[in-house]
Protein chains: 2
Amino acid sequence: MRLAPLIAVLVSLAAAAPAAAVEPTPRVRMDYRVEVVTSQVSTPWAIAFLPDGTMLVTEKGGTLRRLTRAGVLSAPITGVPAVSTAGQGGLLDVAVHPNFSSNRFIYLTYSAAGTGGTGTVLARAKLSADFKSLTGRVTMFTQAPRYSNSSNHYGSRIVLDGQGYIYVSLGDRAQYPPTDTAQRLNNHVGKVIRITEGAALPPDNPFYNTPNAYRANYTYGHRNPQGIALHPTTGEIWEIEHGPLGGDELNILKPGANYGWPVVSWGRNYDGTPVGTGQTSAPGMTASIFHWDPVIAPGGMTFYTSNAFPRWKGNLFIAGLRSMALVRLTLDGNRVVSEERLLTERGQRLRDVQVGPDGYLYVATDASPGQILRVVPTP
Amino acid sequence: MRLAPLIAVLVSLAAAAPAAAVEPTPRVRMDYRVEVVTSQVSTPWAIAFLPDGTMLVTEKGGTLRRLTRAGVLSAPITGVPAVSTAGQGGLLDVAVHPNFSSNRFIYLTYSAAGTGGTGTVLARAKLSADFKSLTGRVTMFTQAPRYSNSSNHYGSRIVLDGQGYIYVSLGDRAQYPPTDTAQRLNNHVGKVIRITEGAALPPDNPFYNTPNAYRANYTYGHRNPQGIALHPTTGEIWEIEHGPLGGDELNILKPGANYGWPVVSWGRNYDGTPVGTGQTSAPGMTASIFHWDPVIAPGGMTFYTSNAFPRWKGNLFIAGLRSMALVRLTLDGNRVVSEERLLTERGQRLRDVQVGPDGYLYVATDASPGQILRVVPTP
């Protein structure tokens, strides 16, 4: 009934130009707009919301700042650890404890130099009441071994599951030709690890009783996972990683599972040669649920559970670097049933995406100076 | 080992510019080129290969031509039925019998006027030995009822399964607001039908013994299916249809299954209001395996099983109109595990895609004059 005028127009158009195969598909209504919260951040790597609605933003160069939704950016918060900024290293992820209001705990990952080279570190600290300094910083976890021949593929993202466990994704440190390190359990390379909030090794970790295995390891066979997120209803950890040429993967993490790198992959080595066996799957290796060829080069990701965009509820959003897109996946259980790419008109490499308490999407661009964007519904 | 020089360069770049978060992801090698076979076709709708490697091409205005791979286009083949070209109507699909070499049978779908309005018709004819004329044309099937208030949503694609059965996809004839016709079985509207090569109604059709049901009906609840294809190993018919705003669907057809239109949909009506119940699924209705929002507006599709593009073996290719893309889906059984859009740089609406005996992809553009394109691997 409400369509009658539109249809009348379409029918009359069709009648006037009978040879044209006009599909009655008007342009999709643009139901969001993009606001620039700030253009004053330097290579932002991660965004995390505090209970008061302000954000913590990491800058790759080694600074942590607080940003209000109105765009007021603080001076660097003091007490941040020294980081190694070569290559892909620097101050990486930031996470806020679910009980931050009472314990003031925040978590950081970063690449740091030590004996033997650089590696990814997880630290916890308290954010002072005036938001200006970190105090009581403790190192929770250090990736082993360190590497001196690479400053790439550090990972890393942090998830606190609210049940007392912390997950951190760790890269394969970009060894070429690929070694089998990510397939072996006696290291933290190409792994997602799981520890307790007290930095202990949980006895129910899948390799806790496996001889010679590092007990923190939760899943293995990863290449460079820069996004992990807690599924809002299943409680599973979903993980996304940079693959080789044509091999970015979205995985659902199962304790002890092997995700195949560098034995099987949907992609190829950068010179076009096959990865490992040249196959996309193998017995005992867990298949990705979606992959990208060409790659999107995924940064952070988040499940959307808010009400501001009703049509996007339950969707998974991924920040894309090379793809210069905010990738939106519609899910049906553990299946990806639709993909859309947003913000492509901006032409910006995107490093992280988070949902604010307002239900809007906040996106960090990979640039210096870089931006924090806000995706807001339009009426 | 072969990567060593590249890595050396990347590492030195990283060292020279430590603050830049350089991902070592060189551009994906372009491994195909596009050749224009002809620019002299008028709104081509379908391509079908003959055993000699030449093509039959339908033109929406009502002509059928033969096209060589070298680009030589014949005069119109005589004996083509009269078609109704208003709106989306015209000469639509063409298919070649698997035993064409002995029986010379080709099949056409088209919209034609009759008592009550226009509807989709399937005809069979013999192509003469000199390829210049159709003879012995018989009408195999006529969609019922006809409609006089719409010249849209005719479908239609033809599949011959090589087992003696013919499948034809039929649209919902674009009634607004959507009626429940596609949900009722006493018509051919919004259906895929199945008949024998002798134009008989197969007793094993799912509704053959259902009171008041049209016996040709194989699946129902479709909107405007313009692509169907025979899966090369399972023998199932896969179907793709134009949904409403944000609701294009890829389905695997199961005999007697209901695909939900217009009760459930991933999309919305063009005015943004919900379709039917406003839900994406309902008991008794079969879910699509993938959908698009925004829509791609799918034309024809084909499974790729040739060797010319080894990496694309087993992929599903879809011609996209509004999306102006050749959509490539990677499959893992009945799951879509990756999507890529090709040919987007050309900015052309694409109506059909077929694989030639050379293993190359042939694509029809939706324009007048239009083109037949060939996608060829590059060394």
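How many bridges join strand β9 (residues 158–160) of chain A to β10(A), and which way do the two run? That was the thing I looked up to begin with, and I got three bridges, with the strands antiparallel.

**Ground rules**

I'm working with a predicted model, where local features need pLDDT of at least 70, side-chain atom pairs count only at pLDDT 80 or more, and totals for chains, interfaces and linings use all residues. Residues are numbered from 1 along each chain as its sequence is written, chains are lettered from A and ligands numbered from 1 in the order in which they are written, and side-chain values use heavy atoms, with hydrogens and water left out.

**Around β10 of chain A**

A note on terms: strands are DSSP runs of E with at least two residues, helices are runs of H or I with at least four, and both are numbered from the N terminus. Two strands pair if DSSP finds at least two bridges between them.

I found I158(A) opposite V168(A) in β10(A). The hairpin of β9(A) and β10(A) has four residues between the strands, and G162(A) takes a positive phi near 80° there. I then checked β10(A) against β11(A): six bridges join them, and they run antiparallel. V168(A) turned up again here, opposite I193(A) in β11(A).

Is β10(A) mostly covered or mostly open? I noted it as mostly covered, since five of its six residues are buried. Buried means under 20% relative accessible area, exposed means over 50%, and partly exposed is in between, using a 1.4 Å probe and protein chains only.

**Chain A as a whole**

I stepped back and counted two helices and 23 strands in chain A. Its C-alpha atoms fill a box of roughly 75 × 55 × 35 Å along the principal axes. With 379 residues, a compact globule would have a radius of gyration near 21 Å, and chain A agrees with that at 22 Å. That radius is taken over C-alpha atoms, and the globule rule is 2.2 Å times the number of residues to the power 0.38.

I also wrote down that 60% of the 379 residues of chain A count as buried. Among contacts (heavy atoms within 4.5 Å) in chain A with a separation of 6 or more, 57% are between residues 24 or more positions apart. Chain A exposes about 13500 Å², and carbon and sulfur atoms supply 53% of it; these areas come from the Shrake-Rupley method with a 1.4 Å probe, and for residues only the protein chains shown count as cover.

Most residues other than glycine have a negative phi, and most peptide bonds are trans. I went looking for departures from that.

A199(A) has a positive phi of about 65° although it is not a glycine. I placed A199(A) in the loop between β11 (191–196) and β12 (217–220) of chain A, and it is partly exposed at 33% relative accessibility. M324(A) is not a glycine either, yet its phi is positive at about 50°. Its place is the loop between β18 (316–320) and β19 (326–332) of chain A, and its relative accessible area of 32% makes M324(A) partly exposed.

Then the peptide bonds. The one from S368(A) to P369(A) is cis, with omega near 0°, and P369(A) lies in the loop between β22 (361–365) and β23 (370–377) of chain A. I traced P262(B) to the loop between β15 (248–252) and β16 (290–292) of chain B.

**Stops in chain B**

Strand β2 (residues 44–49) of chain B has six of its six residues buried, so it is largely enclosed by the rest of the structure. Five bridges join β2(B) to β3(B) (residues 55–59), and the two run antiparallel. I saw P44(B) opposite E59(B) in β3(B). Their hairpin has five residues between the strands, and G53(B) takes a positive phi near 90° in it.

Next I looked up H188(B), which sits in the loop between β10 (165–170) and β11 of chain B. H188(B) is buried, at 9% relative accessible area. Leaving aside neighbours within four places in sequence, its contacts include F141(B), L170(B), I193(B) and Y214(B).

Last entry: T210(B), in the loop between β11 (191–196) and β12 (217–220) of chain B. T210(B) is partly exposed, at 30%. Its C-alpha atom is separated by 24 Å from that of P225(B), 15 residues apart along the chain.
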